[in-house]
Amino acid sequence: MVLSTANYRKLARRITAETGIQLPEGKRMMVSGRLQRRTRALGLNSIEEYCELVLSEGAKAQDRTDLIDAVTTNTTEFFREPEHFDLLRQKILPEWRQRSGPGDRMTLWSAACSSGQEPYTLAMVLAEFGAALPGFCYRILATDISKTALQKARSGIYERRQTERMPRELRSKYLLQAKDTPLVRIVPELRRQVVFHPLNLMDTDYPLAEPFDVIFCRNVFIYFDRPTQAAVAAKLCRYLRPGGYLFIGHSESLVDNQLPLVSIGRSCYLRIAEE
Ligand SMILES: C[S@@+](CC[C@H](N)C(=O)[O-])C[C@H]1O[C@@H](n2cnc3c(N)ncnc32)[C@H](O)[C@@H]1O
(Lines give C-alpha, C1' and ligand atoms only; values in the text may rest on other atoms or scores of the structure.)
Protein backbone atom coordinates (compact mmCIF):
# COMPACT_ATOMS: atom_id res chain seq x y z
CA MET A 1 0.00 0.00 0.00
CA VAL A 2 1.30 3.43 -0.91
CA LEU A 3 0.10 6.55 0.88
CA SER A 4 -2.21 8.73 -1.24
CA THR A 5 -0.64 11.81 -2.87
CA ALA A 6 -2.73 14.17 -0.74
CA ASN A 7 -1.88 12.52 2.58
CA TYR A 8 1.78 12.10 1.64
CA ARG A 9 2.05 15.82 0.86
CA LYS A 10 0.35 16.73 4.13
CA LEU A 11 2.68 14.45 6.05
CA ALA A 12 5.78 15.68 4.18
CA ARG A 13 4.90 19.32 4.90
CA ARG A 14 4.52 18.58 8.60
CA ILE A 15 7.74 16.56 8.78
CA THR A 16 9.74 19.24 6.96
CA ALA A 17 8.37 21.99 9.20
CA GLU A 18 9.21 20.04 12.36
CA THR A 19 12.49 18.34 11.47
CA GLY A 20 13.85 20.06 8.37
CA ILE A 21 13.88 16.70 6.57
CA GLN A 22 12.83 17.03 2.94
CA LEU A 23 10.49 14.30 1.74
CA PRO A 24 10.30 14.56 -2.05
CA GLU A 25 7.85 12.48 -4.08
CA GLY A 26 10.63 9.93 -4.72
CA LYS A 27 10.53 8.90 -1.06
CA ARG A 28 6.80 8.16 -1.00
CA MET A 29 7.31 4.42 -1.46
CA MET A 30 9.99 4.15 1.23
CA VAL A 31 8.00 6.21 3.74
CA SER A 32 4.82 4.23 2.97
CA GLY A 33 6.67 0.97 3.64
CA ARG A 34 7.81 2.22 7.03
CA LEU A 35 4.36 3.56 7.93
CA GLN A 36 2.85 0.25 6.91
CA ARG A 37 4.81 -1.48 9.66
CA ARG A 38 3.51 0.99 12.25
CA THR A 39 -0.03 0.63 10.90
CA ARG A 40 0.10 -3.14 11.41
CA ALA A 41 1.69 -2.83 14.86
CA LEU A 42 -1.16 -0.54 15.98
CA GLY A 43 -3.82 -2.80 14.49
CA LEU A 44 -5.15 -0.05 12.19
CA ASN A 45 -6.87 -0.81 8.88
CA SER A 46 -4.82 1.36 6.51
CA ILE A 47 -1.84 3.70 6.34
CA GLU A 48 -4.25 6.53 5.52
CA GLU A 49 -5.81 5.92 8.93
CA TYR A 50 -2.36 5.90 10.54
CA CYS A 51 -1.43 9.10 8.74
CA GLU A 52 -4.55 10.86 9.97
CA LEU A 53 -3.87 9.65 13.50
CA VAL A 54 -0.28 10.95 13.67
CA LEU A 55 -1.23 14.28 12.14
CA SER A 56 -4.18 14.79 14.45
CA GLU A 57 -4.23 16.91 17.61
CA GLY A 58 -4.84 13.76 19.63
CA ALA A 59 -1.61 12.05 18.53
CA LYS A 60 0.31 10.65 21.49
CA ALA A 61 3.99 11.34 22.18
CA GLN A 62 4.77 7.75 21.15
CA ASP A 63 3.01 8.23 17.78
CA ARG A 64 5.21 11.28 17.13
CA THR A 65 8.33 9.31 18.11
CA ASP A 66 7.33 6.49 15.76
CA LEU A 67 6.75 8.95 12.95
CA ILE A 68 10.19 10.52 13.41
CA ASP A 69 11.69 7.02 13.36
CA ALA A 70 9.79 6.28 10.17
CA VAL A 71 11.27 9.24 8.30
CA THR A 72 14.82 9.46 9.67
CA THR A 73 17.75 7.55 8.25
CA ASN A 74 20.03 6.46 11.05
CA THR A 75 22.83 4.90 9.01
CA THR A 76 26.15 5.33 10.78
CA GLU A 77 29.27 3.39 11.72
CA PHE A 78 32.36 3.48 13.91
CA PHE A 79 35.21 5.51 12.36
CA ARG A 80 32.98 6.68 9.51
CA GLU A 81 34.87 9.12 7.27
CA PRO A 82 38.11 8.34 9.09
CA GLU A 83 40.07 11.41 7.83
CA HIS A 84 38.11 13.46 10.36
CA PHE A 85 39.45 11.41 13.25
CA ASP A 86 42.99 11.68 11.82
CA LEU A 87 42.63 15.47 11.73
CA LEU A 88 41.45 15.45 15.31
CA ARG A 89 44.38 13.30 16.43
CA GLN A 90 47.10 14.98 14.40
CA LYS A 91 46.11 18.65 14.52
CA ILE A 92 43.18 19.59 16.71
CA LEU A 93 44.04 17.72 19.90
CA PRO A 94 47.74 18.77 20.00
CA GLU A 95 46.69 22.37 19.22
CA TRP A 96 44.11 22.31 22.00
CA ARG A 97 46.65 20.92 24.43
CA GLN A 98 49.10 23.71 23.63
CA ARG A 99 46.68 26.51 24.32
CA SER A 100 44.84 24.93 27.28
CA GLY A 101 45.60 25.61 30.91
CA PRO A 102 45.53 23.30 33.94
CA GLY A 103 42.02 22.06 34.71
CA ASP A 104 40.65 22.93 31.25
CA ARG A 105 38.23 20.45 29.76
CA MET A 106 37.81 19.83 26.06
CA THR A 107 34.18 19.85 24.98
CA LEU A 108 32.79 18.08 21.92
CA TRP A 109 29.29 17.77 20.51
CA SER A 110 28.06 15.07 18.17
CA ALA A 111 24.96 16.88 16.93
CA ALA A 112 23.14 14.13 15.01
CA CYS A 113 24.66 11.12 16.72
CA SER A 114 22.18 8.45 15.61
CA SER A 115 22.80 5.19 17.51
CA GLY A 116 26.05 6.40 19.07
CA GLN A 117 28.88 5.08 16.91
CA GLU A 118 30.14 8.60 16.14
CA PRO A 119 30.39 9.89 19.76
CA TYR A 120 31.88 6.59 20.95
CA THR A 121 34.49 6.83 18.17
CA LEU A 122 35.28 10.34 19.42
CA ALA A 123 35.52 9.00 22.97
CA MET A 124 38.01 6.33 21.85
CA VAL A 125 40.19 8.87 20.04
CA LEU A 126 40.15 11.18 23.06
CA ALA A 127 40.79 8.37 25.53
CA GLU A 128 43.81 7.30 23.48
CA PHE A 129 45.09 10.88 23.40
CA GLY A 130 44.51 11.27 27.14
CA ALA A 131 46.27 8.01 28.00
CA ALA A 132 49.62 9.73 27.49
CA LEU A 133 48.52 12.96 29.12
CA PRO A 134 47.68 12.72 32.83
CA GLY A 135 44.86 15.07 33.82
CA PHE A 136 43.43 15.39 30.30
CA CYS A 137 39.67 15.92 30.65
CA TYR A 138 36.98 15.87 28.00
CA ARG A 139 33.23 15.69 27.76
CA ILE A 140 31.11 14.64 24.81
CA LEU A 141 27.51 15.69 24.34
CA ALA A 142 25.63 13.54 21.83
CA THR A 143 22.18 14.53 20.57
CA ASP A 144 19.66 13.40 18.00
CA ILE A 145 16.01 13.91 17.18
CA SER A 146 15.29 10.17 17.21
CA LYS A 147 14.54 8.87 20.70
CA THR A 148 14.84 5.28 19.51
CA ALA A 149 18.33 5.91 18.13
CA LEU A 150 19.29 7.59 21.43
CA GLN A 151 18.03 4.63 23.42
CA LYS A 152 20.27 2.33 21.44
CA ALA A 153 23.16 4.77 21.77
CA ARG A 154 22.84 4.92 25.54
CA SER A 155 22.91 1.15 25.81
CA GLY A 156 26.26 1.05 23.97
CA ILE A 157 25.40 -2.42 22.67
CA TYR A 158 26.22 -3.31 19.05
CA GLU A 159 26.50 -6.33 16.86
CA ARG A 160 30.10 -7.47 16.62
CA ARG A 161 30.08 -7.15 12.83
CA GLN A 162 29.30 -3.42 13.21
CA THR A 163 32.63 -2.91 14.95
CA GLU A 164 34.80 -4.47 12.26
CA ARG A 165 36.17 -1.13 11.01
CA MET A 166 37.60 -0.35 14.43
CA PRO A 167 41.33 -0.96 14.79
CA ARG A 168 41.91 -4.29 16.52
CA GLU A 169 43.69 -2.81 19.56
CA LEU A 170 40.82 -0.40 20.17
CA ARG A 171 38.33 -3.24 19.94
CA SER A 172 40.13 -5.18 22.63
CA LYS A 173 40.49 -2.11 24.85
CA TYR A 174 37.06 -0.52 24.53
CA LEU A 175 34.62 -3.35 23.82
CA LEU A 176 33.31 -5.98 26.18
CA GLN A 177 32.93 -9.19 24.25
CA ALA A 178 30.75 -11.85 25.76
CA LYS A 179 31.40 -15.37 24.53
CA ASP A 180 28.74 -17.09 22.42
CA THR A 181 26.85 -13.92 21.53
CA PRO A 182 27.06 -11.74 18.43
CA LEU A 183 26.93 -8.64 20.66
CA VAL A 184 29.57 -6.36 22.13
CA ARG A 185 29.25 -3.47 24.57
CA ILE A 186 31.23 -0.25 24.95
CA VAL A 187 33.17 -0.34 28.22
CA PRO A 188 31.61 1.68 31.08
CA GLU A 189 34.64 4.05 31.37
CA LEU A 190 33.90 5.26 27.84
CA ARG A 191 30.11 5.24 28.18
CA ARG A 192 30.46 7.55 31.17
CA GLN A 193 32.21 10.17 29.01
CA VAL A 194 29.26 10.58 26.66
CA VAL A 195 26.02 12.28 27.67
CA PHE A 196 23.03 11.65 25.37
CA HIS A 197 20.07 14.04 25.02
CA PRO A 198 17.26 14.54 22.52
CA LEU A 199 17.70 17.72 20.48
CA ASN A 200 16.01 18.91 17.31
CA LEU A 201 18.40 20.98 15.19
CA MET A 202 15.35 22.90 13.91
CA ASP A 203 14.66 24.38 17.36
CA THR A 204 15.12 28.15 17.48
CA ASP A 205 17.67 27.89 20.23
CA TYR A 206 19.54 24.99 21.75
CA PRO A 207 19.53 24.54 25.55
CA LEU A 208 23.31 24.38 25.80
CA ALA A 209 25.26 26.38 28.32
CA GLU A 210 28.87 26.20 27.16
CA PRO A 211 30.43 26.69 23.76
CA PHE A 212 32.17 23.66 22.26
CA ASP A 213 35.72 23.16 21.01
CA VAL A 214 34.56 20.71 18.33
CA ILE A 215 31.17 20.02 16.76
CA PHE A 216 30.47 17.01 14.57
CA CYS A 217 27.25 17.51 12.60
CA ARG A 218 27.75 14.98 9.85
CA ASN A 219 25.42 13.43 7.32
CA VAL A 220 22.31 15.27 8.39
CA PHE A 221 22.58 18.44 6.24
CA ILE A 222 21.89 16.25 3.19
CA TYR A 223 18.30 15.88 4.35
CA PHE A 224 17.78 19.67 4.62
CA ASP A 225 17.27 22.27 1.87
CA ARG A 226 19.86 25.06 1.42
CA PRO A 227 18.13 27.73 3.58
CA THR A 228 17.69 25.21 6.41
CA GLN A 229 21.33 24.12 6.11
CA ALA A 230 22.44 27.75 6.39
CA ALA A 231 20.14 28.44 9.35
CA VAL A 232 21.29 25.33 11.25
CA ALA A 233 24.96 26.04 10.48
CA ALA A 234 24.54 29.62 11.77
CA LYS A 235 23.05 28.26 15.00
CA LEU A 236 25.87 25.74 15.39
CA CYS A 237 28.37 28.60 15.05
CA ARG A 238 26.82 30.25 18.09
CA TYR A 239 27.78 27.18 20.13
CA LEU A 240 31.28 26.81 18.69
CA ARG A 241 34.06 28.84 20.30
CA PRO A 242 36.28 30.94 18.02
CA GLY A 243 39.20 28.66 17.17
CA GLY A 244 36.89 25.62 17.36
CA TYR A 245 36.12 23.21 14.52
CA LEU A 246 32.93 22.14 12.76
CA PHE A 247 32.82 18.83 10.87
CA ILE A 248 30.10 18.02 8.35
CA GLY A 249 29.71 14.91 6.16
CA HIS A 250 31.97 14.29 3.15
CA SER A 251 29.05 14.59 0.76
CA GLU A 252 27.92 17.90 2.28
CA SER A 253 29.09 21.49 1.86
CA LEU A 254 28.38 24.89 3.38
CA VAL A 255 28.24 27.65 0.80
CA ASP A 256 26.93 30.52 2.91
CA ASN A 257 29.75 33.15 2.98
CA GLN A 258 28.10 34.98 5.85
CA LEU A 259 29.12 32.24 8.28
CA PRO A 260 32.19 32.85 10.47
CA LEU A 261 33.79 29.68 9.13
CA VAL A 262 36.89 28.99 7.06
CA SER A 263 37.31 25.67 5.29
CA ILE A 264 40.47 23.92 6.47
CA GLY A 265 40.15 20.48 4.96
CA ARG A 266 37.70 17.99 3.62
CA SER A 267 34.34 18.95 5.17
CA CYS A 268 36.01 20.59 8.18
CA TYR A 269 35.73 24.28 9.10
CA LEU A 270 37.50 26.55 11.56
CA ARG A 271 35.30 28.97 13.47
CA ILE A 272 36.79 32.46 13.23
CA ALA A 273 35.99 35.42 15.47
CA GLU A 274 33.38 37.84 14.08
CA GLU A 275 34.39 41.49 13.60
C1 LIG B 1 22.60 9.45 8.66
S2 LIG B 1 22.54 9.75 10.38
C3 LIG B 1 24.15 10.43 10.68
C4 LIG B 1 24.78 9.87 11.93
C5 LIG B 1 26.23 10.31 12.19
N6 LIG B 1 26.32 11.74 12.36
C7 LIG B 1 27.14 9.86 11.07
O8 LIG B 1 27.59 10.68 10.27
O9 LIG B 1 27.42 8.66 10.99
C10 LIG B 1 21.49 11.20 10.42
C11 LIG B 1 20.91 11.46 11.80
O12 LIG B 1 20.34 12.77 11.81
C13 LIG B 1 19.22 12.75 12.66
N14 LIG B 1 18.36 13.92 12.39
C15 LIG B 1 17.60 14.17 11.30
N16 LIG B 1 16.95 15.35 11.43
C17 LIG B 1 17.35 15.88 12.62
C18 LIG B 1 17.04 17.06 13.32
N19 LIG B 1 16.19 17.96 12.83
N20 LIG B 1 17.63 17.28 14.52
C21 LIG B 1 18.48 16.37 15.04
N22 LIG B 1 18.81 15.21 14.43
C23 LIG B 1 18.25 14.97 13.23
C24 LIG B 1 18.56 11.42 12.35
O25 LIG B 1 17.70 10.98 13.39
C26 LIG B 1 19.79 10.51 12.17
O27 LIG B 1 20.10 9.81 13.34
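1. Let's start with β7 (residues 212-216) and β8 (residues 240-247): these two strands run parallel and are joined by four bridges. Strands here are DSSP runs of E with at least two residues, helices are runs of H or I with at least four, and both are numbered from the N terminus. Two strands count as paired if DSSP finds at least two bridges between them.

2. A word on the model: it is predicted, so local features need pLDDT of at least 70 and side-chain atom pairs count only at pLDDT 80 or more, while totals for chains, interfaces and linings use all residues. Residue numbers start from 1 along each chain as its sequence is written.

3. Now look at the whole sheet. Seven strands make an open sheet with mixed pairing, in the order β6-β2-β1-β7-β8-β10-β9. β6 (194-198) and β9 (261-265) are at the edges with a single partner strand each, so one side of each has no neighbour in the sheet.

4. Next, helix α4 (residues 61-71). Its buried residues are Asp66, Leu67, Ile68, Ala70 and Val71. Buried means that 20 or more other C-beta atoms, placed from the backbone, lie within 10 Å of the residue's own. Their cover includes α1 (5-19), α2 (28-41) and α3 (47-55), with contact meaning C-beta atoms, placed from the backbone, within 7 Å.

5. Finally, the ligand. Where does it lie? Domain 1 (5-71) and domain 2 (83-271) both give residues to the shell around the ligand, so it lies between them. The domain bounds come from an automatic or database domain assignment.

Technical notes: Buried ≥ 20, exposed ≤ 12 C-beta atoms within 10 Å, placed from the backbone. Contact = placed C-beta atoms within 7 Å.
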